[in-house]
Amino acid sequence: MKKLINGNEATFLGAVKAGATFFAGYPITPSSEILIQAAELNAKNPNFKFIQSEDELAAANAVIGASLAGAKAFTATSGPGFSLMQETIGYGHQLEVPAVYINVMRVGPATGMPTRPSQHDILQTKYGSSGDYFPLVFYPNSVEECYRYAIVAFNAAEESRSPVIFLSDAFLSHLTEVVDLDAIAVDIVPRTMPPLGSAKRTFTGLTHNEDLSPRTADTGAFIRWHEKIKARHEEVAARYAHFEFTGNKKSDTLLIAYGITSRVIAPLKTDYAIFRPIRIFPFLSEELKRCAKNFEHIVVVEANDGQYAMLVESELKRDVIRIPLLGGKISLETVKQDLRKKLGREVN
Amino acid sequence: MYRDLIRLDRFPTKWCPGCGIGQILIQLSKSMDQLGLDHTNSTIITGIGCTGRLSGYVNIDTVYTLHGRTLPMAEAIKTVNPNLKVIVVSGDGDLASIGGNHLIHAARRNADITVICNNNQIYGLTGGQAGPTTPLGTRTVSTPAGAQRNPINLQNLIKCAAKYSYARTTSYHQIHMQKCIREAIEWPGFAFVEIISQCIENNGRRIGFNSAWEMLQLYKRTYKRAPRGKDSLEPDEIGIIRQG
């Protein structure tokens, strides 16, 4: 059945479709509709559990607890709340607990511009917590994709047994489109980890052995854990190497954009090739190298000051042109003007 | 047997000789055994600090959380599986300082969990800094001139909630501690047990005690059983107060 819904609604419905039965969250613009939908579903169906937490620290940790207890669990927040959740996201990786953290990005740092869209938290999704960890991060660019990738995020969380980050933004979350949800078929990965109350395990944020016994000064135990986690995430990520490449034989320039920005610059495909990563992390290194090799210019268009561009430069080992869209204004006209200036030629 | 609940294979414990947490482990295990709790129907959630390490010595599924985050995790676990008995064991610094906001709200929501607070009045694991419960005037490594700020009143904080069970006991009063823990686990709602206990190595020795035994003798002399039916405990009383 076709429905007129926005990005936040589609994201929530995708989570429920994936089998989520627990949501904890703290109200924050522009993610609050997800919390409201969780509260409404809980009122209708008590098997779907909901906690309105006292803060984002509580919400982030409630999600890990609920997952340990056997529920597919998620939360939704925006920049300031996402920053507060960072410690717990690292903890989830140390504990090897599946969960989904939704970050509907707004302009930061700090309170910033609560109702304006940004892509400010790209690097925070991978580098926000302490230590090395390997989160899978997805960023859709349409309402239909919000639904699809919410399901994918839960599947990847189960398979990687770790928190997965789902990115959205203040634009996409309130973008309203007609979607046929029934036509979106994604297989659901079931929960396999036995819930609390079924064994004699010590789940610990301390470095530990395979049998979960704490090993706080054991380099060997740390390296065994690190290699196991890294290999598992690489293996799972390979199944989700999602991107979109729109070639253009007459162009010597490749535009790279993701999320809502890729949607805004879509009309430029008549004159340029466009690469859109959907899996933001782990970085789509080989895929991008393949797509980018024949282009004279690489341009990264993003709503932050060069976060993804820095990664592209590092992976491709060449300079890229940056078009930052700052202050909450993501407009095609700004991109065209900047392209004209930086490429030194006319842009249609 | 309560011994079956303790992971003797991980002994000796990390705790210093004379530490009060071992006594809590014993009385908690006895209480759980009396109530028929084991790995199929209960879980223990602990915070960071010396007390947090208790989860590693219990033979059921346990979670050693981030610093301060026991309560949101425990409440979520209970929400997902109401059939599990969810018991939080943590220190005063973890519960009342870094986790203080969660304590207010878990109590307000009357989350059906048991919270056992080992109140040793110090940050022991990090070397003996003053905590939220350190008595006025106490010399610690972070209050060289004596603590200048009043400690938090845990009883009054818990009593802010409309419904609660609050118990105070000490590591000297072992039978009483067991009763407090047992009745807290049985209480249908938020139940908080404050256990005054000794940290000899990172607190007691700095303030003039030569042994854990001397600290226990102080608890014996100081704390008296509160008469039945009171709705508030005096600072030198042990007992249980409830509002259901």
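B:Thr170 stands opposite B:Ile196 in strand S6 of chain B, where strands, like helices, are DSSP runs numbered from the N terminus (H or I over at least four residues for helices, E over at least two for strands). The structure is a predicted model, in which local features need pLDDT of at least 70 and side-chain atom pairs count only at pLDDT 80 or more, while totals for chains, interfaces and linings use all residues. Residues are numbered from 1 along each chain as its sequence is written, and chains are lettered from A and ligands numbered from 1 in the order in which they are written.

Strand S5 of chain B (residues 164-170) runs parallel to S6(B), with six bridges between them; two strands count as paired if DSSP finds at least two bridges between them. Strand S4 of chain B (residues 114-119) is also parallel to S6(B) and is joined to S6(B) by six bridges. There, B:Val115 has B:Phe192 as its bridge partner. Strands of a sheet pair through backbone hydrogen bonds, either parallel or antiparallel.

A residue is called buried if 20 or more other C-beta atoms lie within 10 Å of its own, exposed if 12 or fewer do, and partly exposed in between, with C-beta atoms placed from the backbone. In a regular strand the side chains alternate between the two faces of the sheet. In S6(B), B:Ala191, B:Val193 and B:Ile195 are buried on one side, and B:Phe192, B:Glu194 and B:Ile196 are buried on the other.

Chain B as a whole has seven helices and eight strands. Its radius of gyration, taken over C-alpha atoms, is 17 Å, close to the 18 Å that the globule rule gives for 244 residues, so chain B is as compact as a globular protein of that length. The globule rule is 2.2 Å times the number of residues to the power 0.38. Along the principal axes, the C-alpha atoms of chain B fill a box of roughly 50 × 45 × 35 Å. Of the 244 residues in chain B, 54% are buried. Among contacts in chain B with a separation of 6 or more, 65% are between residues 24 or more positions apart; a contact requires the C-beta atoms of two residues, placed from the backbone, to lie within 7 Å. The mean pLDDT of chain B is 97, and 100% of its residues reach 70 or more, pLDDT being the predictor's confidence in each residue, from 0 to 100. The model scores ipTM 0.97 and pTM 0.98.

The next topic is the interface. In it, 29 residues of chain B are in contact with 35 residues of chain A. On the chain B side, strand S2 (62-64), helix H2 (70-80) and helix H4 (100-108) each give two or more residues. H2(B) gives the largest share, eight residues. By class, this side has 11 nonpolar, 14 polar and four charged residues. Here Ala, Val, Leu, Ile, Met, Phe, Trp, Tyr, Cys and Pro count as nonpolar, Asp, Glu, Lys and Arg as charged, and the others, Gly among them, as polar.

Strand pairing also crosses between the chains: strand S10 of chain A (residues 202-204) and S2(B) are parallel and share three bridges. A:Thr204 stands opposite B:Tyr64 in that pairing. Another point of contact is A:Glu54, which touches B:Asn101, B:His102 and B:His105. A:Glu54 lies in the loop between strand S3 (49-52) and helix H3 (56-68) of chain A, and is partly exposed, with 19 other C-beta atoms within 10 Å. The C-alpha atom of A:Glu54 is 6.7 Å from that of A:Tyr26, 28 residues apart along the chain.

Chain A also holds an open sheet of five strands in the order S11-S13-S12-S15-S16, with mixed pairing. S11 (243-246) and S16 (321-324) are at the edges with a single partner strand each, so one side of each has no neighbour in the sheet. Within the sheet, S12 (residues 253-256) and S13 (residues 273-277) of chain A run parallel and are joined by three bridges, and A:Ile256 has A:Phe275 as its bridge partner.

Elsewhere in chain A, helix H1 (residues 7-17) is mostly covered, with 10 of its 11 residues buried. A:Gly19, with a positive phi near 105 degrees, follows H1(A).

How values were computed: Lists of a residue's contacts leave out its neighbours within four places in sequence.
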